[in-house]
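Colleague: Please show me the model, and then let me ask what stands behind the terms used for it.

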Amino acid sequence: VMNREASPSFPNTICAVVKQGQRYKNGKMVLHRCQFSWYCDGKDDTPYNTEKYQEILDLIESILYNEHPFIDITDGALFYHADYVNPSWAKTKQRTTEINDHIFYRWDT
């Protein structure tokens, strides 16, 4: 998300990057039709561990306000997918890394 937000090829705010591609039908968001599946999967996003949630919010805020360094462990990735799928677009991108069960890519250079 942060790499896309910094790229001129994508929206220039974090919220716009996350919401890119979302679709609505009859006033309801269409599930599984956006750039980030975790945003439009229909699952409840209520944080149950409010203490841990606040810790994460504090960390994010410190990164956004440059109080804590942002280290890009994806080497400039703008795209990713789970390792159990094989999207056709992956052939046109340069693979950068694999983290757990996700494979990351950037534009082919």
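The questions below concern one hairpin and one lysine in it.

Modeller: This is a predicted model, in which local features need pLDDT of at least 70 and side-chain atom pairs pLDDT 80 or more, while totals for chains, interfaces and linings use all residues. Numbering starts from 1 along each chain as its sequence is written, and side-chain values use heavy atoms, without hydrogens and water.

Colleague: Why is lysine 93 called buried?

Modeller: Buried means under 20% relative accessible area, exposed over 50%, partly exposed in between, with a 1.4 Å probe and protein chains only. Lysine 93 has 16% relative accessibility, so it counts as buried.

Colleague: What makes β4 and β5 a pair?

Modeller: Pairing requires that DSSP finds at least two bridges between two strands, strands being DSSP runs of E with at least two residues, numbered from the N terminus. Strands β4 (residues 93–99) and β5 (residues 102–107) have 6 bridges, in the antiparallel sense. Across them, lysine 93 faces tryptophan 107, and threonine 97 stands opposite phenylalanine 104. The hairpin has 2 residues between its strands, and asparagine 100 in the turn has a positive phi of about 55°.

Colleague: What makes β4 an edge strand?

Modeller: The open sheet of 3 strands runs in the order β3-β5-β4. Both β3 (79–82) and β4 pair on one side only, as edge strands.

Colleague: How do you know that the side chains of lysine 93 and threonine 92 make a polar contact?

Modeller: The term needs a pair of N or O atoms within 3.5 Å; within protein, one must be able to donate a hydrogen and the other to accept it, and residues adjacent in sequence count only if both atoms are side-chain atoms. Here the contact joins side chain to side chain at 3.0 Å.

Notes:
Helix = DSSP H or I, 4+ residues; strand = E, 2+ residues; numbered from the N terminus.
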